[in-house]
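Please look over the sequence and the model first, and then read on.

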Amino acid sequence: MESSNAKVNNLTTRLTDPYASNIRSDPEEDDEKLFAQLEAEIENDDNAALRERGMDQLKLEMERLQNMKASGHGRYEELTDEKDVVRASAHEPRCVVHFYHTKFRRCEIMDKHLARIAPKYFGTRFIRVFVENVPWLVEKLGVKVLPCVICFIDGVSKARIIGFEDLGNSDDFETATLEWKLLHIGVIEKAEASGSQFVYGARPAVRQQIRGRDDEDFDFDLDD
């Protein structure tokens, strides 16, 4: 008999994994259908204690997921207020921030790849910020070369990707190469319950470079 935890984990995976179902025409409606389906499964379970415990867990998990969605999880979004950027990077367990400028074509390329990755890793917040909107942060973090992607874990910047040097040093690098790099840093995590597999599409030479390269010590707390 499937446990209530397994049922709740199943819902979490299906709500946050874009590959667990077809592309959604109406995400809000689909979320409600998924919730109703799992609710029915729990209510029909033979174990009364499991039914009660499972429903409590389900409601708490749904509330948590909806709050995360409302705060920007599951999508790649732009923030224009410097305080919002500081708040997100400081309080999210895992946060990826792309500092960009509209005049840099490579920033557009980075945007394209991050927009593909963001929906796959619901637990990580993905943000883009126009450097001219955040002058204090640019100076505080020493952002000098664009594109610059800074990875925050528990409020501390653990690593940064500057330009495309760590991505094969080519404008036509694969999305999987950036995905591999972010996973190596630890700022994205593959859900254990997810049925989808990590796409190891990067060229072998690039994977070896990323795997064998020790990231420089970029630990930096914005509160310092």
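Arg160 counts as buried, at 10% relative accessibility; buried means under 20% relative accessible area, exposed over 50% and partly exposed in between, with a 1.4 Å probe and protein chains only. This is a predicted model, in which local features need pLDDT of at least 70 and side-chain atom pairs count only at pLDDT 80 or more, while totals for chains, interfaces and linings use all residues. Residues are numbered from 1 along each chain as its sequence is written, and side-chain values use heavy atoms, with hydrogens and water left out.

Arg160 is found in strand β5; strands are DSSP runs of E, at least two residues, numbered from the N terminus. The side chain of Arg160 reaches the backbone oxygen of Leu141 at 2.9 Å. Strand β5 covers residues 156-162 and also holds Ala159, which is buried with a relative accessible area of 3%. From the C-alpha atom of Ala159 to that of Val187, 28 residues apart along the chain, the separation is 9.1 Å.

Now to the cysteines. How many disulfides does the structure hold? There are 0 disulfides, a disulfide being a pair of cysteine sulfur atoms within 2.5 Å.

Notes
Helices (H or I, at least four residues) and strands (E, at least two) are DSSP runs, numbered from the N terminus. A polar contact is a pair of N or O atoms within 3.5 Å; within protein, one must be able to donate a hydrogen and the other to accept it, and residues adjacent in sequence count only if both atoms are side-chain atoms.
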